[in-house]
Amino acid sequence: MTTGPHSSGDLRADRRFSYGRDFLARGEPEAAADLFSQALELVPGWAVGHFALAEALEAAGDAAGARAAFARAADCDPAGELGAPLHLARLGAAPLPDAPPEGHVRALFDDYADRFEASLVGALDYAAPQRLAALVAAARPAPFGRVLDAGCGTGLMAAALAAAGGWTRLDGIDLSGEMIARAAARGVYDSLVVGEIVATLTASPGRYDLVTAADLVVYLGDLGPFFAAVAAVLDPGGVLALSIELAGEDEAGDGPGWVLRDSLRFAHSPGYLAALAETAGLVPISGERTILRRDRGLPLTGFVALFGKPA
């Protein structure tokens with residue numbers, strides 16, 4: 001019998017799991033946890049089952065049990081697709097990671113790709129690309145020369161740049177192949193690459209006048225490698241434009257300038273960005289607080305900023 005990421009491979013376990021999800025959705029986490037435990041007695045190595053058990057135990061107020069179940073899920077999911085290591089860090093059971101597992105981000109957006117734009121633009125009022133494009137247009141004349149859309153997703157940043165004046169060449173990089181396929185369907189990119197941004201830029205550096213990163217670094221904690229990689233590919237006079245979720249002083253505290261939120265996204269402080277930019281040889285051009293989108297029904301405050309490479 002084999003176990004897959006969504007089905008346990010055992011119909012009895014799958015049935016108990018389905019009932020457990022129903023109980024959890026109805027606000028009965030204790031009953032859900034019991035059913036998930038029954039499923040795992042039948043298929044002990046099922047990562048999805050352990051992950052669901054952890055969610056139910058946390059909802060029931062059993063923090064120690066949740067930590068143990070997330071740890072077991074992580075052991076059963078070495079690629080990290082479920083994101084269990086992030087939950088362990090969130091619960092204080094593991095060190096804060098510099099970035100989420102690549103497998104988690106890839107799986108998240110491969111699954112999300114077919115409804116990404118309808119959800120972000122239609123339901124969540126996503127505005128980061130428009131905010132960044134306006135900031136870039138105010139700082140330098142269009143068209144924008146050679147542009148790299150880092151974390152391009154389905155191409156929303158490209159649409160915003162097109163409305164603001166266009167480019168002479170546009171390349172895109174994204175970790176998700178499904179997102180890249182949808183970006184390609186726009187027919188506006190000169191090249192598209194599936195890959196992790198820092199590794200891709202380090203292995204195959206291009207030369208760019210503008211690098212955009214709309215809603216990318218929320219999936220990175222430590223931004224030092226990112227700033228260094230971008231600075232290396234910017235031509236003199238080139239610009240980095242990025243958006244962050246804004247970490248409050250109560251969140252950042254005396255830490256590294258970034259925090260992992262319950263949403264499993266990272267928030268950063270503007271001061272942290274400025275320090276990294278200086279280290280990478282970039283200078284601040286402009287920045288502003290803004291509402292990036294809605295999150296759980298509430299406005300999500302972010303920060304959009306431009307940094308330049310001295311000519």
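**Exercise 1.** In this predicted model, determine which handedness the crossing of α8 and α9 has, and describe how the two helices meet.

*Solution.* Step 1: The crossing of α8 and α9 is right-handed. Step 2: Two packed helices are described by the angle between their axes and the distance between the axes. Step 3: For helix α8 (residues 128-139) and helix α9 (residues 156-164), the axes cross at roughly 40° and come within 9 Å. Step 4: On the α8 side, the contact involves Pro 129, Gln 130, Leu 132, Ala 133 and Ala 137; on the α9 side, Leu 156, Met 157, Ala 160, Leu 161 and Ala 164 take part. Step 5: Of the residues in this contact, nine are nonpolar, one is polar and none is charged.

**Exercise 2.** Leu 264 and Arg 296 each have a positive phi. Classify each residue as buried or exposed.

*Solution.* Step 1: Leu 264, with phi of about 70°, lies in the loop between β6 and β7. Step 2: Its relative accessibility is 12%, so Leu 264 counts as buried. Step 3: Arg 296, with phi of about 55°, lies in the loop between β8 and β9. Step 4: Its relative accessible area is 64%, so Arg 296 is exposed.

How values were computed. Residues are numbered from 1 along each chain as its sequence is written. This is a predicted model: local features need pLDDT of at least 70, side-chain atom pairs count only at pLDDT 80 or more; totals for chains, interfaces and linings use all residues. Side-chain values use heavy atoms; hydrogens and water are left out. Axes are lines fitted to C-alpha atoms, for helices over the stretch in contact, and angles run from 0 to 180 degrees between N-to-C directions. Helices (H or I, at least four residues) and strands (E, at least two) are DSSP runs, numbered from the N terminus. A crossing is left-handed if the near helix is turned anticlockwise from the far one by less than a right angle, and right-handed if clockwise. Contact means heavy atoms within 4.5 Å. Ala, Val, Leu, Ile, Met, Phe, Trp, Tyr, Cys and Pro count as nonpolar, Asp, Glu, Lys and Arg as charged, and the others, Gly among them, as polar. Buried means under 20% relative accessible area, exposed over 50%, partly exposed in between (1.4 Å probe, protein chains only).
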